[in-house]
Amino acid sequence: MTMRTAAPGDLLRDIYLAGPDGRAGQVTTNFEALEEAARVVLDPATFAFVAGNAGTGLTGRANREAFDRWRLVPRALRGITRRDLSVSVLGERLPTPVLLAPISAHTTVHPEGELATVRGAADAGVPFVLSSYASHSLEEVAAAAGPGPRWFQLYWPTDDALTASLVRRAEASGYTALVVTVDNPSIGYRPADLDHGFLPMLRGVGLAHYTSDPVFRAALPPNAGTKEVVRHWAGVTGHLALTWERLAWLRGLTDLPVLVKGVLHPDDARRAVASGADGVIVSNHGGRQLDGAAGALDCLSAVRAAVGDGVTVLLDSGVRTGSDVVKALALGADAVLYGRPYLYGLALDGRAGVRHVLRCLLAELDVVLTLTGYGSAEALGPELLAAAGPLPLP
Ligand code: FNR
């Protein structure tokens, strides 16, 4: 089944014209209700793995609070007859300022896993960032993907030959950028997952790039079972010794643009760029790593100021609505990565669920661009925002 990429505004029209009967069985359009709907269809351990945060959940709350502190101050009668959602990222024009964040092990929530996700993303015209810990290999996901850009996220292994092999495979199968995640040298302290004793990769789920990799396989006997695979994976994953100096080595491995994901401090952003990165992703991993960390949006303006205008800066962690996307762009992001909500869409209705959630986000973004009076994603700036509370007197 191939679905066309609909214009964002079509969603509202289609739903209203279909009326209440046409809506029966459809996944909710309410971003806040998505998580509860997913809780109903997922088993408790899987739901906790997706929704859970590190420690007390403070970082997750900080992500949302950072968005809530900013309010939009719209401008009227600006004659916004057309909206332009497109943005430039890494020198390429993207139809919208949204990409899918890398999330591990999609088969934990839907049997078709990343294959359904990449198809749903293509249906909505949104690029997919494939996690290092995926249930389908780089090549399988490439074969299922549409013609649009897609990126590969690297968890840097301790074995350089394996790193080089994964990067080569990403290049050979048409991924157009490399996202190196640096906020996960070891897994965060996640009480919900610990209480369930559940981490998909330790059960062999999410290791498809590794089991299909010639360098990884060469280190194992030909008939190695899940136990040996997981043991070897655990031995090459979690690179505690990494330093910025090593980024130059990775940079030298590939001509693909490199983005460093998981940066909050402006000095780290500068360091990433000085080490050869083409951009940074301001992120705290959705609150899953360090408890008590700063909200990602709270760090965005400082990171943008540190690297200047010419460097790609993306943001994730806590983006839920069209207004959130607008706030991130107004504070200096070129685009955002959308995380958990699309995984809830996948859990609820596979490919169609991913497409639906993305269409909802883009429809709301389209509406917000009209209602703010800005009209174009690239026209957004901090003058659209005010801190919550009364405006200063003119
Ligand atoms: C993630 N994230 C993540 N990041 C990454 O670089 N590689 C990965 O494999 C994963 N895996 C992963 C699994 C799950 C279940 C979640 C929820 C998240 C982090 C992800 O890319 C992104 O930073 C967060 O999802 C952003 O937070 P929100 O907006 O989804 O809350």
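S317 counts as buried because its relative accessibility is 5%, where buried denotes under 20% relative accessible area, exposed over 50%, and partly exposed the range in between (1.4 Å probe, protein chains only). S317 is found in the loop between β10 (312-315) and α15 (322-330); helices (H or I, at least four residues) and strands (E, at least two) are DSSP runs numbered from the N terminus. The phi of S317 is near 100°, a positive value in a residue other than glycine. Most residues other than glycine have a negative phi. The structure is a predicted model, in which local features need pLDDT of at least 70 and side-chain atom pairs count only at pLDDT 80 or more, whereas totals for chains, interfaces and linings use all residues. Residues are numbered from 1 along each chain as its sequence is written, and side-chain values use heavy atoms, with hydrogens and water left out.

A positive phi, of about 50°, also occurs at L77, which is not a glycine. L77 is found in the loop between β1 (70-72) and β2 (87-89), and it counts as exposed because its relative accessibility is 89%.

S135 is placed in the loop between β5 (128-130) and α6 (138-144). With a relative accessibility of 17%, S135 counts as buried. The side chain of S135 makes a polar contact with the side chain of T107 at 2.9 Å; a polar contact is a pair of N or O atoms within 3.5 Å, where within protein one must be able to donate a hydrogen and the other to accept it, and residues adjacent in sequence count only if both atoms are side-chain atoms. A polar atom of the S135 side chain also lies 3.3 Å from the backbone nitrogen of H106. Apart from neighbours within four places in sequence, S135 is in contact (heavy atoms within 4.5 Å) with A105, H106, T107, E114, V205, G206 and A208.

L58 lies in helix α4 (residues 58-68) and counts as partly exposed because its relative accessibility is 40%. Beyond its neighbours within four places in sequence, L58 is in contact with D291 and G292. Between L58 and A142 the C-alpha to C-alpha distance is 37 Å, at a sequence separation of 84 residues.

The ligand is surrounded by 22 residues, of which P102, S131, T181, R320 and R340 are the closest; a residue is near a molecule or strand if one of its heavy atoms lies within 4 Å of it. This shell divides into seven nonpolar, ten polar and five charged residues, with Ala, Val, Leu, Ile, Met, Phe, Trp, Tyr, Cys and Pro counted as nonpolar, Asp, Glu, Lys and Arg as charged, and the others, Gly among them, as polar. An N or O atom in the side chain of S131 is 2.7 Å from an oxygen atom of the ligand. For K261, a polar side-chain atom lies 3.0 Å from a ligand oxygen atom, and for S283 the corresponding distance is 3.5 Å. Taken alone, the ligand exposes 600 Å², of which the protein buries 98%; accessible areas come from the Shrake-Rupley method with a 1.4 Å probe, and for residues only the protein chains shown count as cover.

The largest nonpolar core has 123 residues, among which L100, W151, F152, L250, L300, L315 and Y338 touch the most other members. Such a core is a set of buried Ala, Val, Leu, Ile, Met, Phe, Trp, Tyr and Cys residues joined through side-chain atoms within 4.5 Å. Residues up to four places away in sequence not being counted, L300 touches V282, V313, L315, A328, L331, G332 and A333.
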